[in-house]
2 protein chains.
Amino acid sequence: MKKRLALLDSGWLTMETPETPMHVGGLMLYKTPDNAPETFMQDMLAWMMNVREVARPFNKKLSGVLPMNLDAGWVEDHDIDMDYHIRHAALPRPGRIRELLALVSRLHAQRMDRAHPLWEAYLIEGIEGNRFGLFVKIHHSLVDGVAAMRLLQNRLALNGRDRLPPPWSAEWEELEALQAGEKRPRRRGPSLGESFKAMGNVALNLAKLAATPKESHVKSIYKAPSTVLNKRVRPARRFAAQSWSLSRLKDVAKQYDATLNDVVLAMCGGALREYLLGYATLPEHSLVANVPVSIRSNDQANEGGNAISAVQVTLGTHIKSAAKRLEAIQESMNDAKARLGAMNRVEIDTHTVLTSLPLLAGQVSGLDGRLPVLFNVVVSNVPGPREARYLNGAQLLANYPASLIWHGYAMNITVQSYCDNLDFGVIACRESAPKVQRMLDFLEAALADLEQSAMAKGTRHRKSA
Amino acid sequence: MKKRLALLDSGWLTMETPETPMHVGGLMLYKTPDNAPETFMQDMLAWMMNVREVARPFNKKLSGVLPMNLDAGWVEDHDIDMDYHIRHAALPRPGRIRELLALVSRLHAQRMDRAHPLWEAYLIEGIEGNRFGLFVKIHHSLVDGVAAMRLLQNRLALNGRDRLPPPWSAEWEELEALQAGEKRPRRRGPSLGESFKAMGNVALNLAKLAATPKESHVKSIYKAPSTVLNKRVRPARRFAAQSWSLSRLKDVAKQYDATLNDVVLAMCGGALREYLLGYATLPEHSLVANVPVSIRSNDQANEGGNAISAVQVTLGTHIKSAAKRLEAIQESMNDAKARLGAMNRVEIDTHTVLTSLPLLAGQVSGLDGRLPVLFNVVVSNVPGPREARYLNGAQLLANYPASLIWHGYAMNITVQSYCDNLDFGVIACRESAPKVQRMLDFLEAALADLEQSAMAKGTRHRKSA
């Protein structure tokens, strides 16, 4: 049975070009158990392949013959070639994180073949320190990227003894159906009337935004400066990834009465300032980040539901002082949240569509990277599990997100929490954003700057007390 | 300075689709020297990267912005990012040829980015038996595939002591200019009148071909049966490669009074018969191979020049007896050569264009794989060096060609001689031609069949003598 493509799914497929594959990736770093036999990697590979039936959405395959996917729909593939989807790879010596990131950069750049379900998993051996990797690519049309990676994560074991099916095994569907118990009520879609009314309110808000004085840190969505990050992209990618201790960031957040997300944005702002100073041109006005947020709207307060939208906030890249940069980010973020919080659910949805529309139009028309940008960089902060997870006996050490980029938006920073760490994944166009691996040093320097400023502030506080 | 694209170069670019990348590859297998230090692979990589200026054609980059490459031309890239072109890779354990072929299959499937000079080299470590690999991809528009691979081979050292520049170093241009000494005279292009006259002769020949009785092994170019090898292809590839001893093939050739190339074709015919019997359907009529040949035309006998064309010959796949299959191939090949040999240079060129035209048209129109095919499979036999070659101290063990395939022509077998071996490289679409790795067993079985038949024949000869 063929199921018609949802409009948004179809969008991800239509927007895809050789330069802008529309899949997201996740690089999971695992510890090889101490008592692992010689055949551990071979056994792991065999376990990953040994799946009788593949779970949704990993069994969804495109069907259709017309161009632009006009007649496309999803069909379930009951005869999946696991040898195609599960691939065994290795690092050249010395097998450092450097070699790992070089390999993942190349793997992430490759577009997937639409004749197969749109996912691939690479088991990577030869990482120094008795570790191995699992890099998974999932097309955004299959399921939204965050949801897909969460699915993989949720299907890991909570200890090293449990032997569960691979995350893409259909056995999980039965297991989860048993766990889920009662069904959640479906959300009612907005009526056409509600949608039009909401568009009016959103338009009013956008007009207010445009009227905001320039010197404010409250950023309009149409005032992002032009930078090297906002050019057309080429197919090659560079992936940089590193973990930071959550407690370091929480300490800084406490000192400044900021949220963890504010500190993440301040690290990104500080790092991007250094990056642009060193490898390109730092614009006079601050870079603007597009930040996906999970918010509760007015009319949902009692329902307990959450909505996902995005806000555009300053990164304070024009500010030299780390402390003042963080303050500017806090102000900008609070304002954006307040504005979104005042909207109802339908208004939020419309806002989300309106602020994304020029993006989609640009990508499809091929004009992206040649038009003024809405923002400079996506910075996404995704909560992850707080307790250790295990893949068939091997402990997950870190989980680095590798998101997608597109014309005009050549860098994406996605951050995910796991146990006591924040795992940063920076994906960028290898050409537009050169030497992006240096971002890791700059992120560390930005955090250290905030720590030093906080210490100095603390000292001042004590002096004045 | 921009140099306009030649029509044929442009063709290779226009014909390229995500399913049919138009590059050829070569997998070179090397022996790590016995006394190699721990850092041998790192040193090799550093040597490969350490190039001040890149030689033609490895520095040729496309320039142009219009679609279909309408305004495209070649420019020389004087600031090549070697880290982009030279890539370090490794095999997962146990590092058998099986793992090597799996990796090369994936690497060969990936289309190259036209913003860079269209070549990539992968240094592959971790091959069992103290070996390493070098897999090189070169776009067909850059230089014809055979010529490019020959260039790489000719720039290897003749012993393990010489330390020469990497094959893509511009230093080679000076070295070769010194070696070349006097220049060869340029061939005069045919006049328009000569071309038209030639077309008439060729048309007459084609008409004669079409009138050839069906039961003859002399194959018309329009009578290839439809097989699984002649469907549309997907992007994924499967590469299979193995070496056979030249003396084994020469012995067989001698027994049957055949050429080495006839024996290669008989191996392919026997293997394809088994392959189709096992994994698809064996057609009633024989498969037809397209075989590039180097021939001397009537009017060139005194000039000593050689022309390259292609002939279509039977593979005798409908014949069960190995000996009779070889006889059929000999008859078909001799006839095709005689026909080509009777043509003059201009006629040959026109014949080559005429027999390739429907191919190009099909690929461009997107109808390929949906039209009757001209032949079933390309079998190409390329002479290689007879003496051992060395890459910066490491001995070349084998050199497997990985050619290109396209819609309707899902398999290519290219064979290259090196020292005492014939190195077979079979590249095929992973989907249309499943389990192509089995071709290696079938090629061996076909050769063994010929050897047994020859032995039996020898016995009979002795008996009758």
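These legends describe close-up views of a predicted model.

**Conventions.** In this predicted model, local features need pLDDT of at least 70 and side-chain atom pairs count only at pLDDT 80 or more, while totals for chains, interfaces and linings use all residues. Residues are numbered from 1 along each chain as its sequence is written, chains are lettered from A and ligands numbered from 1 in the order in which they are written, and side-chain values use heavy atoms, leaving out hydrogens and water.

**View 1. Chains A and B are related by a rotation of 180°.** The shift along the axis is 0.0 Å, and chain A superposes on chain B with an RMSD of 0.0 Å. Superposition is by least squares on the C-alpha atoms of residues with pLDDT of at least 70 in both copies. The two copies are thus related as by a two-fold rotation axis. In chain A, Ala90(A) has the C-alpha nearest this axis, at 2.7 Å. Of the interface residues of chain A, 100% are also interface residues in chain B, so the copies meet through the same surface.

**View 2. Helices H8 and H9 of chain A cross at roughly 100°.** H8 spans residues 246-256 and H9 spans residues 260-279. Helices (H or I, at least four residues) and strands (E, at least two) are DSSP runs, numbered from the N terminus. The two axes come within 9 Å. Axes are lines fitted to C-alpha atoms, for helices over the stretch in contact, and angles run from 0 to 180 degrees between N-to-C directions. H8(A) and H9(A) are therefore roughly perpendicular. Angles of 65 to 115 degrees count as such, under 35 as roughly parallel, over 145 as roughly antiparallel, and the rest as oblique. H8(A) makes the contact (heavy atoms within 4.5 Å) through Leu246(A), Leu249(A), Lys250(A), Val252(A) and Ala253(A). H9(A) contributes Leu260(A), Val263(A), Val264(A) and Met267(A). Eight of the contact residues are nonpolar, none is polar and one is charged. Ala, Val, Leu, Ile, Met, Phe, Trp, Tyr, Cys and Pro count as nonpolar, Asp, Glu, Lys and Arg as charged, and the others, Gly among them, as polar.

**View 3. Asp257(A) sits in the loop between H8 and H9 of chain A.** Its phi is positive, about 55°, although Asp257(A) is not a glycine. Asp257(A) is exposed, with a relative accessible area of 69%. Exposed means over 50%, buried under 20%, and partly exposed in between (1.4 Å probe, protein chains only).

**View 4. Pro117(B) is buried, at 2% relative accessibility.** Pro117(B) lies in the loop between helix H4 (97-109) and strand S6 (119-127) of chain B. Beyond four places in sequence, its contacts include Phe58(B), Asp77(B), Ile80(B) and His85(B). His85(B) belongs to helix H3 (residues 82-85) of chain B. His85(B) is buried too, at 1% relative accessibility. Among the residues in contact with His85(B) are His116(B), Trp119(B) and Glu120(B).

**View 5. The peptide bond from Arg56(B) to Pro57(B) is cis.** Omega there is near -5°. Pro57(B) lies in the loop between helix H2 (40-49) and strand S3 (60-63) of chain B. The bond from Arg93(B) to Pro94(B) is also cis, with omega near 5°. Pro94(B) is in the loop between strand S5 (86-90) and H4 of chain B.

**View 6. Cys429(A) is buried, at 0% relative accessibility.** Its sulfur is 19 Å from the closest cysteine sulfur, in Cys268(A), too far for a bond. The structure holds zero disulfides over all chains (cysteine sulfur pairs within 2.5 Å).
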